Amino acid sequence: MRCERVMMLAMGQVLLLVLAMAAAQESMLNVCMDAKHQKTKPGPEDKLHKQCSPWKDNACCTLNTTQEAHEDASYLYNFNWNHCGIMSDRCKKHFIQDTCLYECSPNLGPWIEKADESWRKERILDVPLCREDCEGWWEDCQDDLTCKENWHKGWNWTKKVNECPVGAMCQKMKRVFPTPRDLCEKIWSNSYKYTDFSRGSGRCIQMWFDPVNGNPNEAVAKYYASSGETLAFRSALTLLLCSALPGLL
């Protein structure tokens, strides 16, 4: 009888693990970050502005947010792309697309982490960007100027808009970010991770995509949510198990 009871407990724990893994996976799909401008839940938007329009069928952003994302110094974060002179249009389009992905995508769940910041409770970490997106970003921005490697912090905000710190020198981005990997990974505190995966591989998030063919990032999020490779998955699974195991033991 004792052996039978142990077997039943073991089977119960296996079942619990399977259910917890499924719940952890589901919790990371089709979600919005708890951040400054994102909606509580993703859903369709009749119109999204210009470069953000690919997400209109299912978005974490609103039309107003996407309009502001295209401004040089919008109210979203009072962040000015032109901190070292006027940023070229070819470079700016990548930063706009980056903002659209961040604000609009419901497919970043596997990389959402808690954030101890006044303006958001969650952030993204190590989102695997497709190689072409990183390389195109770097190629089009290499001759534009900046004075900082990490754009998340360390600015002079005395005039309520980001300015270069005292003594910081404006340099071409290819000197600040010698490689596409440097740009993608360092500029936003490792929000993104450079990968060798190509668009269409199902293993990397695309900043750019044609909505006519659907959103390719949905399949990518499902892959990483089910693989258990992300810290977000392991954290969600641990939380679920810790809350449920005492009832079985």
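These legends accompany several close-up views of a predicted model.

Residues are numbered from 1 along each chain as its sequence is written, and side-chain values use heavy atoms, with hydrogens and water left out. Local features need pLDDT of at least 70 and side-chain atom pairs count only at pLDDT 80 or more, while totals for chains, interfaces and linings use all residues.

**View 1. The whole chain and its elements.**
Let us start with the fold as a whole. The chain has 8 helices and 6 strands (DSSP runs numbered from the N terminus: H or I over at least four residues for helices, E over at least two for strands). Read from the N terminus, the order of elements is α-α-α-β-β-β-α-β-β-α-α-β-α-α. Of the 249 residues, 47% are buried; buried means under 20% relative accessible area, exposed over 50%, and partly exposed in between, with a 1.4 Å probe and protein chains only. The accessible surface comes to about 13,200 Å², with 55% of it belonging to carbon and sulfur atoms (Shrake-Rupley method, 1.4 Å probe; for residues, only the protein chains shown count as cover). Among contacts between residues at least 6 apart in sequence, 67% join residues at least 24 apart, where contact means heavy atoms within 4.5 Å.

**View 2. The largest nonpolar core.**
This core holds 46 residues, and those with the most contacts inside it are Phe-95, Leu-129, Trp-137, Trp-151, Trp-188 and Tyr-192. A nonpolar core is a set of buried Ala, Val, Leu, Ile, Met, Phe, Trp, Tyr and Cys residues joined through side-chain atoms within 4.5 Å. At least two residues each are supplied by α3 (89-104), β3 (127-129), α4 (131-141), α5 (173-176), α6 (180-186), β6 (192-194) and α7 (217-227). The largest share, 7 residues, comes from α3. For a closer look, find Trp-151: leaving out residues up to four places away in sequence, Trp-151 touches Phe-79, Trp-81, His-83, Met-87, Phe-95, Thr-146, Met-173, Phe-177, Ile-187 and Trp-188.

The buried residues in α4 are Asp-133, Cys-134, Trp-137, Trp-138 and Cys-141. They fall within an arc of 125° as seen down the axis of α4, so they line one face of the helix; the arc is that of the directions from the helix axis to the C-beta atoms. An α-helix has 3.6 residues a turn, so residues three or four places apart point the same way. The partners of this buried set are α3, β3, α5, α6 and β6. The axes of α3 and α4 come within 7 Å and cross at roughly 145° (axes are lines fitted to C-alpha atoms, for helices over the stretch in contact, and angles run from 0 to 180 degrees between N-to-C directions). From α3, the contact uses Arg-90, Cys-91, Lys-93, His-94, Phe-95 and Asp-98, and from α4 it uses Gly-136, Trp-137, Asp-140 and Cys-141.

Ile-205 lies in the loop between β6 and α7. With 0% relative accessibility, Ile-205 counts as buried. Setting aside neighbours within four places in sequence, its contacts include Leu-101, Leu-108, Trp-111, Val-127, Leu-129, Asp-133, Asn-217 and Val-220. Pro-216 is 11 residues from Ile-205 in sequence and 7.9 Å away in space, C-alpha to C-alpha.

**View 3. The buried side of α7, and Ser-27.**
Asn-217, Val-220, Ala-221, Tyr-224 and Ala-225 are the buried residues of α7. They cover an arc of only 130° around the axis, which puts them on the same side of α7. Ser-27 sits in the loop between α1 (2-26) and α2 and is partly exposed, with a relative accessible area of 44%.

**View 4. Three loop residues.**
Asn-82 is found in the loop between α2 (63-69) and α3. At 14% relative accessibility, Asn-82 counts as buried, and beyond its neighbours within four places in sequence Asn-82 is in contact with Asp-72 and Met-87. Asp-126, in the loop between β2 (120-124) and β3, has a positive phi of about 60° although it is not a glycine. Asn-190, in the loop between α6 and β6, has a positive phi of about 65° and is not a glycine either. Asp-126 is partly exposed at 34% relative accessible area, and Asn-190 is partly exposed at 38%.
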